[in-house]
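The model is predicted.

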Amino acid sequence: MTENLLDIINKNMENKDNANAIKKILDNANTVADTIDLIKQLQDTGMGENLIGILYFIASLRNVLNDDMLNGFSSMLNSLLGVIAKLSNPNIINMLNKTIDGISTGEFTTEPKVHGAFSILSDMKDPEIERGLTVALNILKMLGKSGQ
């Protein structure tokens with residue numbers, strides 16, 4: 001077959017769908033050339049094979065996972081995103097940073113000084129310690145209920 005390019009294009013221009021496709025390609029020649037360059041670069045670097053492998057993996061994973069499993073993952077992801085949203089509250093982040101800093105620097109071991117049961121009882125009169133103890137007790141209560 002020794003047809004030249006012009007003959008091939010003219011033959012395909014007789015079909016309306018082909019003519020529209022050829023016109024689109026010619027109208028977007030720069031985009032087509034850039035796409036070909038990208039594909040060439042992916043092929044030269046070996047990334048093309050990696051991307052094809054990833055696509056096969058995703059297709060295989062889709063065949064392995066059923067809709068119930070996907071819904072379960074989706075539900076877990078929604079729950080995780082909800083927890084992350086709550087943890088991203090600046091007050092929570094500040095409290096966690098202070099707690100970690102207090103533990104790691106040893107600052108939490110300095111005040112208040114505990115010298116026995118009576119010093120603990122007198123420290124419990126501090127409103128901040130009362131609130132903290134209430135939070136700690138409620139956390140312990142929640143953990144106790146969930147540990148049935």
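## Nonpolar surface patch

Which residues make a nonpolar surface patch of about 1200 Å²? In this predicted model, the patch is formed by Val-114, Phe-118, Ile-120, Leu-121, Met-124, Leu-133, Val-135, Leu-137, Ile-139, Leu-140, Met-142 and Leu-143. Two elements give two or more residues to it: helix H7, spanning 117-123, and helix H8, spanning 127-146. Helix H8 contributes the most to the nonpolar patch, with 7 residues.

## Largest pocket

The largest pocket holds about 690 Å³ of space. Its lining consists of 21 residues, and those nearest the pocket centre are Phe-108, Glu-128, Ile-129, Gly-132 and Leu-133.

Helices H6 (90-105), H7 and H8 each supply at least two residues of this lining. The largest share, 8 residues, comes from H8. By residue class, the lining of the largest pocket comprises 11 nonpolar, 4 polar and 6 charged residues.

## Leu-133 in both features

Leu-133 belongs to helix H8. This leucine is a member of the nonpolar surface patch, and Leu-133 is also among the lining residues that lie nearest the centre of the largest pocket.

Is Leu-133 buried, partly exposed or exposed? Its relative accessible area is 35%. Buried residues have under 20% and exposed residues over 50%, so Leu-133 is classed as partly exposed. Patch residues need over 30% relative accessible area, and the value of 35% for Leu-133 lies over that cut-off.

Notes: Residues numbered from 1 in each chain as written. Predicted model: local features only at pLDDT ≥ 70, side-chain atom pairs only at ≥ 80, totals over all residues. Heavy atoms only, no water. Patch = residues over 30% accessible without salt bridge, like charges linked within 9 Å, V, L, I, M, F, W, Y side chains within 5 Å. Areas by Shrake-Rupley, 256 points an atom, 1.4 Å probe, with all protein chains shown as cover. Salt bridge = Lys/Arg side-chain N within 4 Å of Asp/Glu carboxyl O. Helix = DSSP H or I, 4+ residues; strand = E, 2+ residues; numbered from the N terminus. Buried < 20%, exposed > 50% of the residue type's maximum accessible area, 1.4 Å probe, protein only. 1 Å grid on protein atoms, 1.4 Å probe; cavity = no way out; pocket = protein on both sides within 12 Å on 5 of 7 lines; lining within 4 Å. Points joined across faces, edges and corners; volume = space filled by probe spheres on them. Nonpolar A, V, L, I, M, F, W, Y, C, P; charged D, E, K, R; others polar.
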